[in-house]
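Take a look at the model below.

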Amino acid sequence: MHTTPQPGRNLQAVIFDWAGTLVDFGSLAPTQIFVDAFKSFDIEITLQQARGPMGLSKWQHIRVLLDDADIAAQWQRHAGRPASDADVDAIYARFMPMQIAKVGQYSQPIEGAAQVLAWLRGQGLKIGSCSGYPRQVLDVLLPLAAEQGIRPDHVVAGDELQAGGRPGPYMALANMLALAIDDVAGCIKVDDTVPGIEEGLRAGMWSVGVSLSGNEVGLTQAELLTRTPAEVTHLKQQAEAHLRAAGAHYVIDSVATLPEVVAHIRARLASGERP
């Protein structure tokens, strides 16, 4: 059946993740605290294991880790029974104060982030954001980030929507409501994790993955400097492949190069395309 192309739409908003996307190059703050929190229960997990479910709300993240075969076996040996939701609650209760205490150490903006937010505002776009971080953690992070020029128009925390968090579309859609955006296709979701890419897609938005600065590579800028150019290229290509497999429309090294993608998406919207 022949269909008439949709009339062009305008880009209205960009919705960002936090750790690994706007702040905390390498997304270090959440991962190390998961390792430390599990260690306090005599359970050994690696940074790589801790990174696996990144992007989910923190309670759900812990639940997924406890369902991992290796970690589940450790818990069985340690406790004599499978991990229950009450055990997730206990680890979460241990995790929270540790995360609150440490998040400020990892609040530095990713290079170019503040300038890109200012550029987006200059383009007449609204700026939303959401995170797997609980509200108590964001309450510490937000004023520190604001001092560095990272001030979204709206923020949704991973624990404050009854419908849940990623990979569901709810936090992205809550930003739409708060910012009075009238078309999901007029939004770009920017995230460094697979659940975050899925969140944008399920919300009907353009999804942009962030490779080098995010959880998929998982290295600080100082650590990247110790790797050869070939190693960095390989890590970046792996991250890109993972994010594209999740459905990302675009993948960029870091938020600093977002303006070029914004121009592409604007042109596609103007020609009648939708995500």
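**Charged pairs in the model**

E273 is partly exposed, with a relative accessible area of 34%. Here buried means under 20% relative accessible area, exposed over 50%, and partly exposed in between (1.4 Å probe, protein chains only). R268 is also partly exposed, at 25%. The side chains of E273 and R268 meet in a salt bridge, 3.0 Å from N to O. The term stands for a side-chain nitrogen of Lys or Arg within 4 Å of a carboxyl oxygen of Asp or Glu.

This is a predicted model: local features need pLDDT of at least 70, side-chain atom pairs count only at pLDDT 80 or more, and totals for chains, interfaces and linings use all residues. Residues are numbered from 1 along each chain as its sequence is written, and side-chain values use heavy atoms, with hydrogens and water left out.

Turn to R81 and D87. Their side chains form a salt bridge at 2.5 Å, N to O. R81 is partly exposed, with a relative accessible area of 36%. D87 counts as buried, at 9%.

Which residue forms a salt bridge with D17? The partner is R166, and the closest N and O atoms are 3.1 Å apart. D17 lies in the loop between β1 (13–16) and α1 (28–39), and R166 in the loop between α7 (135–147) and α8 (170–179), so the pair ties together parts that are 149 residues apart in sequence. Helices (H or I, at least four residues) and strands (E, at least two) are DSSP runs, numbered from the N terminus. Both D17 and R166 are buried.

D17 and R166 also belong to a network of salt bridges that links them with K189, D191 and E199. In total, the structure holds 16 salt bridges.
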